[in-house]
Each structure stands twice: as C-alpha cells, then as structure tokens.
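Student: I would like to go through the terms used for this structure and ask what each one rests on.

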Amino acid sequence: MPSKRKIIPDNAPFSPQEAEWLDHFFTQMSHEQATWLNGFVSGFQALQLTGTSTRTPLSALDASKSQPNNRTSTQTAASFEKPKLTILYGSESGNAEGLAAEAKKLAGKRNLKPTLLDMADSHPSELARESNLLVYVSTWGEGDPPERATTFYQQLMADDAPKLDGLQFAVLGLGDTSYEQFCKMGKDFDRRLEDLGASRIHPRVDCDVDYEDTAASWTKAVLDAFEATAEPGPDAEVVFEVQEERATAATPASAVVYGKKNPFPSTLTDRVVLNGTGSTKETLHLELSLEGSGLTYEPGDALAVLPVNCDEVVTDIVRAANLSNEQTVTNKNGESVDLHTFIMTECDATVLSKVFLQKYHDLHPNEELARLLHPDNKSELQQFIWGREILDVLIDFPIPNLSAENLTGLLRRLPPRLYSIASSMKAVGDEVHLTVAAVRYYTHRRHRKGVCSTFLADRVDIGGELPVYVQPNKHFKLPSDGDTPIIMVGPGTGIAPFRAFLQERQAVEAKGRNWLFFGDQRFSYDFLYQLEWQDFHKDGILTRIDTAFSRDTPEKVYVQHRMLEQGRELYAWLQEGASFYVCGDASRMAHDVHQALKSVLMEQGSMSEDNADAYLESMKKEKRYQRDVY
C-alpha cells in the first residue's frame with residue numbers, strides 16, 4: 001500500500017477532494033512521469049499567460065520564452081520521437097518529386113516525422129526497416145520506370161526482394177493516358193508492395209497530366225490515414241503552439257511570383273529556321289524574353305510552354321460533333337465561355353488514347369469500338385490509335401445529339417510541353433532559348449501537326465506573348481568542378497542543352513575539356529548551330545566534335561557508330577573521370593548509345609558484360625552518367 005504522505009499544502013488553491021486526489025497521484029508517480037508533468041505544467045502556464053489557442057496534437061512545453069513579433073513559437077519539454085513516415089519518389093520530369101516534397105512539408109506539420117527518399121539513392125532493403133511508406137512514382141514512355149528509378153524498380157521486382165511485413169503503404173501513380181501502359185509504375189509498385197507483405201493503408205490513385213487537384217486531395221486523405229493509425233510510444237507528448245499576436249506595421253503587398261501555378265507571359269523576340277533549304281526537317285531556334293519575370297534557370301533545366309490549339313482543328317471538332325462554336329460551357333472557375341474558346345485554350349483536342357475511346361464508347365456504345373477495346377485486341381487497338389486523332393473518332397463514329405458538356409467531358413486538360421533549354425543565363429541574360437522541331441505529317445487522309453511545335457512555329461508572331469515557366473532538372477547538371485571533362489551525345493534537337501552547357505562553361509571560364517557527338521540527316525542542311533560549334537572550337541571551349549549524318553553515306557551512320565570508332569579515346573576520357581551526357585530520342589537512340597557505351601567498356605576496358613553494367617551503374621550513382629531523353 002502506498003503511503004498516505006501529504007504533499008499538497010493546506011493553503012493550495014484546491015478543494016479537499018482535489019488535494020486528496022493529487023496526494024494519491026503524486027505518491028505513485030515515477031521520476032520520468034514527474035519530469036514530463038513538470039514541462040507540461042510550465043507550458044500550460046505559458047498558454048494561460050498569453051491567452052492564445054492551441055492546436056492538436058499537443059506536446060509538452062518548456063517555460064515560455066520571449067519571441068519576435070508575429071512569430072509562432074513552439075516550446076517542448078521531454079523529447080518525443082514522432083511516428084516516422086518515409087516518402088519515396090521516382091521522378092522523370094520532376095512532378096513526382098515535387099509532390100513528394102510537398103507531402104513532406106504537409107506531414108511535418110502533423111504528428112508525423114517525414115523523410116524524403118529518392119529511389120535513385122535507395123535500396124528496397126531499407127523499406128524493411130520502415131513502418132509507414134508513401135510512394136509517388138511516374139511512368140515514363142511505354143510503361144517504363146523513370147530513368148533514375150530503374151535500378152530500384154528492378155530490385156523491388158526481383159525474387160530476392162525483402163519481405164515487408166508490418167509496413168503500411170500508399171501509392172500515387174503519375175502518367176499520361178495517351179500511352180497504353182498508363183500509370184504502369186504506380187500499379188506495379190502498389191501490387192508488389194502488397195505481394196511482399198505490406199498492408200495498403202489507402203487505395204492507389206492514378207493521375208493523368210492534369211494531376212494537381214487529384215494529387216492534393218489524395219495526399220491529404222493519406223496523411224489523415226497515417227496520422228490516425230500512428231501510435232506514438234509511451235513518451236509521446238502534447239504539442240502546444242503559442243501564437244503571439246502583436247501589432248506591427250502593415251507590410252507591403254508582395255510582388256507577383258511566376259511559376260507553374262502562375263506562368264509568365266513571355267514575349268517571343270526571335271525565331272530562326274536552323275535547317276538549310278532542301279531539308280526535310282523544320283528545326284526552329286527560338287528566343288524568348290524573361291525580363292521582369294524573376295524566373296531563373298540553369299543549364300539542363302527545361303522550359304514549359306502552355307500552347308493553344310490550332311483554330312482549324314477546333315472548328316473541325318465542333319463541326320464534327322454537330323455543335324456550334326458559340327454554344328457555351330462552364331470553365332473551372334465557374335465562368336460561362338463559348339465552346340470554341342474553351343477547347344482552344346483548355347482541352348487536349350488531338351491526342352487519341354484508350355481512355356478517350358473507352359469514355360466515348362461508354363457515352364454511346366459502338367460495336368466496332370467495343371471490339372477494339374476488348375483485352376484480346378491490344379495490338380489492333382494500338383494500330384488504330386497510331387496516326388489518328390480525336391477528330392477521326394468524331395467523324396467515323398458519330399454520336400447523335402452530343403451535347404457541348406458531353407464533348408468537353410470527353411477531353412482532358414491541355415498539358416504543357418517541356419523543352420530542354422538551349423542557353424545559359426550567364427551568356428544571354430534575361431532570355432531563354434529553345435531548339436524545337438516543328439511536327440507535321442500526313443496520315444489517314446489528313447494533314448496533322450504537333451500542337452505546341454506548330455504553335456511556336458506558326459501561331460505566335462514575333463512580339464507575341466506565350467505563357468511559360470521553368471521546370472528545374474537537378475538530375476541533368478554540369479559537374480560542380482569546372483575542371484571535370486564532359487562528353488555530350490545530342491543528335492537532332494538533343495543538341496539543345498549542350499549549347500547551354502558550352503555557353504555556361506565559357507562564361508565561367510571552366511577549364512574542363514568538352515567533347516560533343518552530334519548527328520542528323522545531312523551535313524549541308526541539318527548541321528544545327530554549325531557556326532557556333534566552330535566558334536566554340538576556335539575559342540578552345542569545344543575540345544572536339546564528332547558528327548554523324550545518316551543520309552550522306554550509303555549505309556546510315558549514327559552517333560553510336562562514332563562512339564565505337566572513337567572507343568579508345570572515349571574510354572580514356574572516362575578513366576580520367578569524365579561525365580557522360582545523353583539527350584534526345586528515347587525510343588531508339590538512347591538505348592543504342594547506352595549499348596555502344598557498354599561495348600566501349602567491354603572492348604577497351606576488358607570488362608565482362610556484368611562488370612560493364614556495374615561500371616555504368618556506378619557512374620549513375622556518382623552522377624557521371626546522366627540522360628535527358630524523351
């Protein structure tokens with residue numbers, strides 16, 4: 001029996017019953033409990049003195065300390081380890097990474113302790129030590145993992161992947177419904193984590209290019225779920241936030257901030273066709289003003305351009321739907337706008353996808369579309385989609401009495417287009433340069449054209465404005481040491497970032513050697529920026545350049561062939577620590593260049609295939625092998 005020792009003095013401001021209860025409580029209290037309670041009472045007293053409110057979850061407080069005006073101060077007594085939440089991301093263009101970073105910020109304001117983890121810097125074995133996992137992962141191309149997440153993905157899918165019993169998880173996938181394997185990575189991660197024994201705390205969501213609102217709602221719901229199931233240990237404390245409200249002078253209105261949520265209206269100041277007369281290509285050099293925007297960029301970053309659709313295409317779509325341009329619909333702001341303007345500025349009016357066909361069929365069932373959409377006809381469906389656009393479906397499979405709302409409900413939001421920046425701010429100041437190939441072709445009895453490339457080529461006049469923002473790419477950057485040699489492989493418009501690299505290195509007087517591999521169709525017509533490369537070479541900035549013009553020789557020669565021809569020198573540069581960069585076509589070029597690079601290692605370095613793979617993987621980890629492919 002505990003003693004009846006009296007602790008609360010007679011003059012204490014408690015009733016006899018309260019004093020008796022406190023005596024009983026204190027005589028049984030441990031030293032640890034007493035220490036915690038001391039901090040709690042001090043913090044509670046601070047709140048009483050300031051007369052302010054608190055938020056939950058609560059944490060014990062130290063004695064109140066004076067703080068500067070208009071600041072929120074949080075005082076804590078005993079330390080407490082909040083439940084950990086690992087936020088893992090695999091990102092290609094930066095969207096998944098941005099969502100993961102925002103989730104970390106939001107989780108940090110809750111009763112959670114978030115850690116941000118890039119798949120490129122992780123191994124699945126690390127997940128076995130975690131209890132809460134939030135995954136943001138994008139799908140690249142036709143169902144592939146992001147470039148930097150490839151190794152992690154392969155390890156997670158391997159037979160020897162670790163068991164993840166006891167892990168709670170949720171997955172958000174980012175993708176593009178214009179591809180058949182929409183959000184495949186999100187689906188793969190979600191299924192594999194469950195297969196390895198982890199338990200799903202919230203259903204997966206798959207996001208299209210207009211992902212922002214869906215992702216924000218999902219993230220909030222998932223953090224609610226993690227917070228609700230988190231059970232802090234016995235030392236968990238209540239957190240008080242003391243908001244000190246004191247009068248201060250009025251602060252001036254902040255300047256306009258331009259970015260993804262508020263694109264800058266940039267002025268097009270110059271446009272030059274880089275190909276010579278007689279070329280089958282139309283490659284544009286574009287210069288845009290960023291004056292007054294506050295936007296900055298680094299070599300390797302991309303510029304996002306928000307285009308509008310071609311007027312003729314939209315008119316044809318409205319006509320094919322048996323509607324009129326003047327009919328009105330409601331935009332996302334609740335405003336009434338005419339149908340033509342809404343589709344022109346808000347909707348993806350060209351890209352045909354399985355998702356669109358399914359929605360179209362659901363709206364008005366069609367026997368032929370039902371057959372194409374059957375799981376057994378995937379190959380035929382892809383053949384049907386290739387080279388066709390939304391207009392073709394409206395013409396070939398008309399829907400009687402289609403309303404304007406039905407039509408706009410079928411269309412997804414018009415996504416921005418990302419272009420590798422072809423300039424250095426140190427060289428061009430408040431400008432940004434792009435290298436863009438205008439896309440024009442003929443299929444299925446109709447002339448087609450790329451939405452954004454022909455917007456830049458035809459529909460924006462010199463002096464006209466277009467909305468833009470900078471998309472940083474921290475995974476495609478020059479070495480921090482200017483003495484490091486670099487090797488750049490950029491056929492076609494893949495040359496863009498390397499123009500920026502050389503401008504930057506010249507501006508900062510970097511001493512490292514620079515080697516460029518460039519390829520296109522014909523020397524006479526398609527040697528993009530030829531005079532600039534000659535000037536860079538004359539000035540000692542461009543150490544060497546190797547070119548491949550595929551249509552100038554009986555047998556087609558590409559950049560990977562030049563790499564193999566220069567294998568000994570290429571290997572020597574790598575042994576000296578050179579960084580290797582690739583930019584351009586992902587469907588074939590990037591793969592062929594990778595295989596050529598591996599062949600150089602095997603032949604010149606006498607490596608086995610496994611050792612060459614390991615060498616390249618090590619280069620990636622050291623950020624000496626970087627790719628920006630599309």
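Student: What makes the crossing of α21 and α22 right-handed?
Tutor: This is a predicted model, and in it the crossing of α21 with α22 is right-handed. The term is used when the near helix is turned clockwise from the far one.

Student: At what angle do the axes of α21 and α22 cross?
Tutor: They cross at roughly 115° and come within 9 Å. Helix α21 covers residues 589–604, and helix α22 covers residues 609–621.

Student: Which residues make the contact?
Tutor: On α21 they are H594, L597, K598, L601 and M602. On α22 they are E609, A612, D613, Y615 and L616. By class, the contact has 6 nonpolar, 1 polar and 3 charged residues.

Student: Why is H591 called partly exposed?
Tutor: H591 has 47% relative accessibility. Buried means under 20% and exposed means over 50%, with partly exposed in between, so H591 counts as partly exposed. Its place is in helix α21. In sequence H591 and Q560 are 31 residues apart, and their C-alpha atoms are 9.7 Å apart in space.

Student: What makes the crossing of α4 and α5 left-handed?
Tutor: A crossing is left-handed if the near helix is turned anticlockwise from the far one by less than a right angle. α4 passes α5 in such a left-handed crossing. Helix α4 (residues 150–157) and helix α5 (residues 184–195) pack at an angle of about 35°, and their axes are 11 Å apart.

Student: Which residues of α4 and α5 are in contact?
Tutor: α4 contributes F152, Y153, L156 and M157, and α5 contributes K184, M185, D188, F189 and R192. These divide into 6 nonpolar, no polar and 3 charged.

Student: Why is strand β20 described as largely enclosed?
Tutor: In β20, residues 514–520, the count of buried residues is 7 of 7, so this strand is largely enclosed by the rest of the structure.

Student: How do you know that both faces of β20 are covered?
Tutor: In a regular strand the side chains alternate between the two faces of the sheet. On one side of β20 are N514, L516, F518 and D520, and on the other are W515, F517 and G519; all are buried.

Student: What makes β20 a partner of β19 and of β21?
Tutor: Two strands pair if there are at least two bridges between them. β19 (residues 486–489) and β20 have 4 bridges, in the parallel sense. β20 and β21 (residues 544–549) are joined by 6 bridges and run parallel. W515 in β20 is the bridge partner of I487, and D520 stands opposite F549 in β21.

Student: Where in the sheet does β20 stand?
Tutor: The open sheet has 5 strands in the order β21-β20-β19-β22-β23, with parallel pairing.

Student: Why are β21 and β23 placed at the edges?
Tutor: Each has a single partner strand, so one side of β21 and one side of β23 are left without a neighbour in the sheet. The twist averages 10° from one strand to the next.

Student: Which helices lie on these strands?
Tutor: α16 packs on the sheet and touches β19, β20 and β22; its direction makes about 155° with that of β19. Helix α20 (residues 567–575) lies across β19, β20, β21 and β22, and runs at about 135° to β20.

Student: How are β2 and β3 paired?
Tutor: Strand β2 (residues 84–90) and strand β3 (residues 113–118) pair in the parallel sense over 6 bridges. I87 stands opposite L116 in β3. From β2 the chain crosses through helix α3 (residues 95–108) to β3, and this β-α-β crossover is right-handed.

How values were computed
Residues are numbered from 1 along each chain as its sequence is written. This is a predicted model: local features need pLDDT of at least 70, side-chain atom pairs count only at pLDDT 80 or more; totals for chains, interfaces and linings use all residues. Side-chain values use heavy atoms; hydrogens and water are left out. Axes are lines fitted to C-alpha atoms, for helices over the stretch in contact, and angles run from 0 to 180 degrees between N-to-C directions. Helices (H or I, at least four residues) and strands (E, at least two) are DSSP runs, numbered from the N terminus. Contact means heavy atoms within 4.5 Å. Ala, Val, Leu, Ile, Met, Phe, Trp, Tyr, Cys and Pro count as nonpolar, Asp, Glu, Lys and Arg as charged, and the others, Gly among them, as polar. Buried means under 20% relative accessible area, exposed over 50%, partly exposed in between (1.4 Å probe, protein chains only). A crossover is right-handed if, with the strands pointing away from the viewer, the path from the first strand over the helix to the second runs clockwise.
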